[in-house]
Amino acid sequence: MAVTATKNPSGLKLRFDCGMDDVTGKTKVKSRTYFNVDPEATDDDVYAVGSVIASLQSNTLLEVAVIDNTTLSE
């Protein structure tokens with residue numbers, strides 16, 4: 001039985017450094033997720049878009065992540 005993988009629109013998750021928590025002393029991290037990323041987009045393309053979006057934010061970008069959305073069927 002062969003399994004077929006179908007790539008669906010992915011997501012783009014950006015994580016930002018929002019300073020230190022006064023109580024715990026740990027870094028506060030906030031994330032933003034954007035959906036409907038073209039599944040054929042290259043990693044370089046997705047990173048470039050994430051960087052442009054991050055440049056519009058006041059907080060420092062920590063991470064750009066791709067959320068893969070693949071459907072498996074028989």
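**Reading the chain**

Author: Helices (H or I, at least four residues) and strands (E, at least two) are DSSP runs, numbered from the N terminus. This is a predicted model, in which local features need pLDDT of at least 70, side-chain atom pairs count only at pLDDT 80 or more, and totals for chains, interfaces and linings use all residues. Residues are numbered from 1 along each chain as its sequence is written, and side-chain values use heavy atoms, with hydrogens and water left out.

Reader: Is Gln57 buried, partly exposed or exposed, and why?

Author: Buried means under 20% relative accessible area, exposed over 50%, and partly exposed in between (1.4 Å probe, protein chains only). Gln57 counts as partly exposed because its relative accessibility is 33%.

Reader: What is the order of the elements along the protein chain?

Author: From the N terminus on, the order is β-β-β-α-β-β, that is, 1 helix and 5 strands.

Reader: Which residues form the largest nonpolar core?

Author: A nonpolar core is a set of buried Ala, Val, Leu, Ile, Met, Phe, Trp, Tyr and Cys residues joined through side-chain atoms within 4.5 Å. Here the largest one has 7 residues: Leu12, Leu14, Phe16, Val37, Val46, Ile53 and Ala54. Strand S2 (10–20) and helix H1 (43–55) are the elements that give two or more residues to this core. Contact means heavy atoms within 4.5 Å. Not counting residues up to four places away in sequence, Ala54 touches Leu14, Phe16 and Leu61.

Reader: Where is Ser10, and what is it in contact with?

Author: Ser10 belongs to strand S2. Ser10 is buried because its relative accessible area is 8%. Neighbours within four places in sequence aside, the contacts of Ser10 include Tyr34, Phe35, Val37, Val66 and Asp68.

Reader: How is the overall shape read, and what radius of gyration does the protein chain have?

Author: The radius of gyration is taken over C-alpha atoms, and the globule rule is 2.2 Å times the number of residues to the power 0.38. For a compact globule of 74 residues the value would be near 11 Å, whereas the protein chain has 16 Å. Along the principal axes, its C-alpha atoms fill a box of roughly 55 × 25 × 15 Å. Of the 74 residues, 15% are buried.
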